[in-house]
Amino acid sequence: MTSRVPMAAALLLTLTSCASSSPPATAECQSTVAHMTPAPEAFDFFFDHSTSSRPDKRSIFEQANWYGNEAMWVMLPTDGEIVGRLADKIPPYRLKFGQVRWEARRLDGPGVVAKSSMGPADIGFQAGGVGVPQTGCWEFTYTLDDHYPLTFTLRVR
């Protein structure tokens, strides 16, 4: 799992630093753009494992579209939109022990991704997440042992 950490951190930095080139999500898809202040351990993990050497790296991570609750945190695309990558994953950082389960449903047409589980039930970074089969407006729900739902919406195009 350690070999996936730099790749995931690089992907997250790419999602946040390139978002300005993407047009904003359309009005019919209410993408989650929360920009919350993350749990310090989630921020530190993603920041410390990023392979970026950009001088503004800390600022990028501080301004990222963080979203979370008392059990887990994710870093979403800055404008709530994933462009050109159906298989993108939004990996969670767990603050509590438990099995991460995820599912997704398309809000602007037919489509679902059935509930699945990822990884061991430890605290910390969990590589993986929901990929979707088609473009559209998608609502994702992550839970920890079927508790602490973390629900967010992203435009995938």
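Which helix holds both R58 and E62, and how many residues apart are they? Both lie in helix α3 (residues 57-62), 4 residues apart, about one turn of the helix. The model is predicted, so local features need pLDDT of at least 70 and side-chain atom pairs count only at pLDDT 80 or more, while totals for chains, interfaces and linings use all residues. Residues are numbered from 1 along each chain as its sequence is written, and side-chain values use heavy atoms, with hydrogens and water left out. Helices (H or I, at least four residues) and strands (E, at least two) are DSSP runs, numbered from the N terminus.

**Disulfide**

- A search of the whole structure finds 1 disulfide, a term for a pair of cysteine sulfur atoms within 2.5 Å.
- The disulfide is formed by C29 and C137, with sulfur atoms 2.2 Å apart.
- This pair links distant parts of the chain, 108 residues apart: C29 is in the loop between α1 (4-17) and α2 (40-48), and C137 is in strand β8 (residues 136-144).
- The link of C29 and C137 is right-handed, with 80° about the S-S bond.
- Both C29 and C137 are buried; buried means under 20% relative accessible area, exposed over 50%, and partly exposed in between (1.4 Å probe, protein chains only).

**Salt bridges**

- The count of salt bridges is 12, where a salt bridge is a side-chain nitrogen of Lys or Arg within 4 Å of a carboxyl oxygen of Asp or Glu.
- E28 forms a salt bridge with R155, the closest N and O atoms being 3.6 Å apart.
- E28, in the loop between α1 and α2, and R155, in strand β9 (residues 147-156), belong to distant parts of the chain, 127 residues apart.
- E28 is exposed, with a relative accessible area of 63%, whereas R155 counts as buried at 9%.
- In helix α3, R58 and E62 form a salt bridge with the closest N and O atoms 3.9 Å apart.
- R58 counts as partly exposed, at 39% relative accessibility.
- For the salt bridge of K115 and D146, the closest N and O atoms are 3.1 Å apart.
- K115 lies in strand β6 (residues 112-118) and D146 in the loop between β8 and β9, so this pair ties together parts that are 31 residues apart in sequence.
- K115 is partly exposed at 43% relative accessibility, and D146 is partly exposed at 44%.
- A network of salt bridges links R101, E103, K115, D145 and D146.

**Strand pairing**

- Two strands pair if DSSP finds at least two bridges between them.
- Strands β8 and β9 run antiparallel and are joined by 8 bridges.
- Y142 stands opposite L150 in β9.
- The hairpin of β8 and β9 has 2 residues between the strands, and D145 takes a positive phi near 50° there.
- Strand β3 (residues 81-82) runs parallel to β9, and 2 bridges join them.
- E81 stands opposite R155 in β9, and R155 is also the salt-bridge partner of E28.
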